Amino acid sequence: KTTIRATFWTSITWSLKIKNSSGTVVRNFGSGTGTSLTKTWDGKDGLGNFVPEGTYTIYLSGPGFTKTKAVTVDITSPTVTSVSVNPTSFKPSLGQKTTINYTLSESCYVTIKIFNGTGSLVKTRLNNVLQAAGLQSVVWNGRNDAGSIVPAGTYTIKIWVVDKAGNKASPYPIKKTVTVLV
């Protein structure tokens with residue numbers, strides 16, 4: 001869903017329409033009068049059917065003006081491929097690190113957290129960071145959020161990926177393990 005809001009300098013009569021890339025009206029919210037408007041579009045056309053993915057234009061008109069705003073309808077979940085951890089075991093006490101690699105199908109918000117064997121969070125590497133489509137790499141030096149080297153053991157790396165429209169990659173989260181050696 002997207003919310004369309006406008007505030008006017010005085011009470012006016014306005015009209016609100018959404019058109020597809022061909023210029024065809026797919027949703028007509030009609031008109032109203034007032035100093036503001038708030039409408040929510042759920043991605044459905046005038047018949048209540050979901051519109052296809054693509055770019056649509058919101059047209060807000062009033063006396064002497066028309067304002068437009070592009071909005072993208074996206075219902076496809078992003079994909080994350082080639083997820084790997086290399087090396088799968090390392091010794092942070094010797095300055096060794098491990099690299100988490102993955103490929104995003106589109107620009108996404110990524111969160112990467114590392115948990116110990118009991119499920120407690122030890123390190124947040126990324127927290128809802130927007131990353132571009134393509135190959136991504138994140139390094140972990142074996143330290144916790146306080147900066148101390150974590151104890152030896154097996155750690156679970158969890159990767160949450162969400163695109164700009166809020167579609168989640170599957171599985172959610174992606175899980176990999178890594179072993180920290182003494």
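# A guided tour of an all-strand chain

Read along the sequence, the chain follows the pattern β-β-β-β-β-β-β-β-β-β-β-β. Counted up, that is twelve strands and zero helices; helices (H or I, at least four residues) and strands (E, at least two) are DSSP runs, numbered from the N terminus. You are looking at a predicted model, in which local features need pLDDT of at least 70 and side-chain atom pairs count only at pLDDT 80 or more, while totals for chains, interfaces and linings use all residues. Residues are numbered from 1 along each chain as its sequence is written, and side-chain values use heavy atoms, with hydrogens and water left out.

**Stop 1: the whole chain.** Zoom out and show the C-alpha trace. Along its principal axes it spans about 75 × 30 × 25 Å. The radius of gyration is 24 Å, whereas a compact globule of 182 residues would have one near 16 Å; the value is taken over C-alpha atoms, and the globule rule is 2.2 Å times the number of residues to the power 0.38. Now colour by burial: 34% of the 182 residues are buried, meaning under 20% relative accessible area, with exposed over 50% and partly exposed in between (1.4 Å probe, protein chains only).

**Stop 2: the four-stranded sheet.** Select β1 to β4. These strands form an open sheet in the order β2-β1-β3-β4, with antiparallel pairing; two strands pair if DSSP finds at least two bridges between them. At the edges are β2 (25–41) and β4 (65–73), each pairing on one side only. Next, pick out β1 (residues 2–19) and β3 (residues 54–62), which pair in the antiparallel sense over five bridges. At K19, look across to T57 in β3, which stands opposite.

**Stop 3: the five-stranded sheet.** Which strands build the other open sheet on this tour, and in what order? Select β6, β12, β11, β8 and β9: that is their order, and the pairing is mixed. Strands β11 (residues 153–163) and β12 (residues 174–180) run antiparallel and are joined by seven bridges. Here Y155 has V178 of β12 opposite.

**Stop 4: two cores.** In soluble globular proteins, nonpolar side chains tend to be buried together. Show Y102, I112 and I159, which touch the most other members of the largest nonpolar core, a group of 24 residues. Such a core is a set of buried Ala, Val, Leu, Ile, Met, Phe, Trp, Tyr and Cys residues joined through side-chain atoms within 4.5 Å. Centre on I159: leaving aside residues up to four places away in sequence, I159 touches V83, I100, V110, T111, I112, P173 and I174, where contact means heavy atoms within 4.5 Å. Apart from this core lies another, of 18 residues, among them L16, V26, W41 and I58.

Stop 5: Is Q131 buried or exposed? Q131, in strand β9, is buried, with a relative accessible area of 10%. Its contacts, not counting residues up to four places away in sequence, include Y102, L104, C108 and V138.

Finish at P78, in the loop between β4 and β5. P78 is buried, with a relative accessible area of 2%. Draw a distance to L104: the two C-alpha atoms are separated by 7.2 Å, though the residues are 26 apart along the chain. Not counting residues up to four places away in sequence, P78 touches several residues, including S105, V161, N167 and S170.
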